[in-house]
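Could you walk me through this structure while I have it open in my viewer? I am new to it and would like to know what to select next and what is there.

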Amino acid sequence: MRDSNRCAQCVLTALLGCCAACGDDGNAEPPDPAEAACVEVDEAGHPITASSTRDDAAPEIEIGAEPYAVRVSPDDPTFVRVEVAEDTAALLLVDTTDAVAALYHGPDEEPLESAGADEFCPEEIPEHFDLDLHQPGTYFIELGPSAVPEVWLLLSGAEGHAHAH
Amino acid sequence: MRRALLPLLLCLAGCTLEPGQGFATLERGELRAELARGGARDLGDDAVLTDLGYHVRLARARVHVGSFTLLELLGSTAAESSSFDPAHPPAGYTLCHGGHCHAEDGSLHSYEEVQAALAGGSVSFEPVVSMEVGRGLDLLRAASAPLDGFAPSAELPRSTIDRAELQLERLEIEATVSEGELEQPVELALDLPLSERLSQTLGRSIDRDGKATLRPRARLRVPATLFDGLDFAGLAAEASIAIEEGSESAGVLIESLLGSGLEVTL
């Protein structure tokens, strides 16, 4: 009887330990996408060429997908496109400062302000933007004329991202 | 007994009459100003690319700074206004940056005005200490100026430094502009008086638990996008471009200048 009690105690302890571990995992905060981007910045990025027009001809970049190596113009603004199905908070990370010029929802320009360097790897990702894509539909990111021919960028979901403003 | 007490009383009176030592003491610091290089607009050799495809090769770029001030937010409902976050503009404003917010009607309001409005107009930023700068800083050479001459005193009272503020007085530019819609290079010269302020939120407590001495350091980084939005071909007359005070172009330039980064440490 005593042995069976001990056995039950062991099983109970193991179960509690297991549940506690499960509980920890359940409460764990998602990793900051700005930190994860510091690993991805070593990837070359999927090559695309930004469009000279702000319309469906602009190549789509997907949230949470791989990074992109975007070919831009030395003379004119160019555009990439983001399709959003619902209210979305995203993080746009860029390897070159001053490359991103504006954000549009359809024909309307939206507020856009640099949130500064990625605090986890400021040298590799010197600029990022917190994008509040509230309305479903098509957004366009304008890339200004650039002295560098190619810009690396990554669009992540913003869940888990926090920094002091 | 009275004779014994008299020196003690005089001593205590003397102590209270002496200038009091603050909760922290400021030491001589430094303000540095520079053109932010290295990004997508950097053409090298002090030249920048604008959003309209112009090349602006700078021969002179100076910003004149009047003063650097540390301020405290005072008022009965400071807690309400402290919820103000420029990254998330309050209702009625579309964008907050560089110390000011753009209202939906197109007007500009300083952070102070926005915070005061949020708190029902009952709060204000009051200077704790100010440092006279009074000189032009060469942006091309990352020039620096000392931060000293503390007024009213280098001894700081118990307070919270909520904000640092840089008073801008003038912007001087001499450059050659080419490319874009220009058929030939033209000279750009401007000397714009300014009354704008750049600010950074700090939230630094000054008390006995903090450092006894503080050295203010400020770094002003003027963006390489300074000339964005200016259609130089439309502004050029013969072989030169003049941007006059109060003109629309001056407004565009000042707006870009207000996008400068200000980093302050104490």
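**Stop 1: chain B as a whole**

Keep in mind that this is a predicted model. Of its 266 residues, 36% count as buried. Among the contacts in chain B with a separation of 6 or more, 78% are between residues 24 or more positions apart.

Now colour chain B by domain. Domain 1 is made of 23–75 + 125–265, and domain 2 covers 77–121. Their C-alpha centres lie 21 Å apart.

**Stop 2: where chain B touches chain A**

Show both chains. Here 18 residues of chain B are in contact with 18 residues of chain A. Which strands of chain B each supply at least two residues of the side that touches chain A? Select strand E3 (42–44) and strand E6 (93–97) of chain B to see them. E6(B) gives the most to this side, with 3 residues. Colour the side of chain B that touches chain A by class and you get 8 nonpolar, 6 polar and 4 charged residues.

**Stop 3: the nonpolar cores**

Next, look at the largest nonpolar core, which has 94 residues. The members that touch the most others are Leu92(A), Leu93(A), Leu143(A), Val151(A), Leu153(A) and Ala218(B). Strand E5 (residues 54–75) of chain B brings the largest share of this core, 9 residues.

Zoom in on Leu93(A). Setting aside residues up to four places away in sequence, Leu93(A) touches Ala34(A), Ala37(A), Asp118(A), Ile125(A), His128(A), Leu153(A), Leu154(A) and Ser156(A).

There is also a second, separate core of 6 residues; select Tyr93(B), Cys96(B), Cys101(B) and Val114(B), which are among its members.

**Stop 4**

Val114(B) leads on to helix H3 (residues 111–118) of chain B, where Tyr111(B), Glu112(B), Val114(B), Gln115(B) and Ala116(B) are buried. After H3(B) comes Gly120(B), with a positive phi near 75°.

Select strand E7 (residues 100–103) and strand E8 (residues 108–110) of chain B, which pair in the antiparallel sense over 3 bridges. Cys101(B) stands opposite His109(B) in E8(B). The hairpin has 4 residues between the strands, and Gly106(B) takes a positive phi near 95°.

**Stop 5: an open sheet in chain A**

Move to chain A and select the 4 strands that form an open sheet, in the order E3-E8-E5-E6, with antiparallel pairing. Strand E3 (78–84) and strand E6 (108–110) of chain A stand at the edges with a single partner strand each, so one side of each has no neighbour in the sheet. From one strand to the next, the twist averages 35°.

Is Glu142(A) buried or exposed? Glu142(A) counts as buried, because it has 20 C-beta neighbours inside 10 Å. Leaving aside neighbours within four places in sequence, Glu142(A) is in contact with Pro77(A), Phe79(A), Ala101(A), Ala102(A) and Tyr104(A). If you draw a C-alpha to C-alpha distance from Glu142(A) to Ala158(A), 16 residues apart in sequence, it comes to 20 Å.

**Stop 6: backbone details in chain B**

Most residues other than glycine have a negative phi, and most peptide bonds are trans.

- Asp46(B) sits in the loop between E3 and strand E4 (47–49) of chain B. Its phi is positive, near 60°, and Asp46(B) counts as partly exposed, with 18 C-beta neighbours inside 10 Å.
- Glu179(B) is found in strand E13 (residues 159–179) of chain B. Its phi is positive, near 65°, and Glu179(B) counts as partly exposed, with 18 C-beta neighbours inside 10 Å.
- Pro152(B) lies in the loop between strand E11 (150–151) and strand E12 (155–156) of chain B. The peptide bond from Ala151(B) to Pro152(B) is cis, with omega near 10°.

Notes
Residues are numbered from 1 along each chain as its sequence is written. Chains are lettered from A and ligands numbered from 1 in the order in which they are written. This is a predicted model: local features need pLDDT of at least 70, side-chain atom pairs count only at pLDDT 80 or more; totals for chains, interfaces and linings use all residues. Domain bounds come from an automatic or database domain assignment. Two residues are in contact if their C-beta atoms, placed from the backbone, lie within 7 Å. Ala, Val, Leu, Ile, Met, Phe, Trp, Tyr, Cys and Pro count as nonpolar, Asp, Glu, Lys and Arg as charged, and the others, Gly among them, as polar. A residue is buried if 20 or more other C-beta atoms lie within 10 Å of its own, exposed if 12 or fewer, and partly exposed in between; C-beta atoms are placed from the backbone. A nonpolar core is a set of buried Ala, Val, Leu, Ile, Met, Phe, Trp, Tyr and Cys residues joined through C-beta atoms within 7 Å. Two strands pair if DSSP finds at least two bridges between them. Axes are lines fitted to C-alpha atoms, for helices over the stretch in contact, and angles run from 0 to 180 degrees between N-to-C directions.
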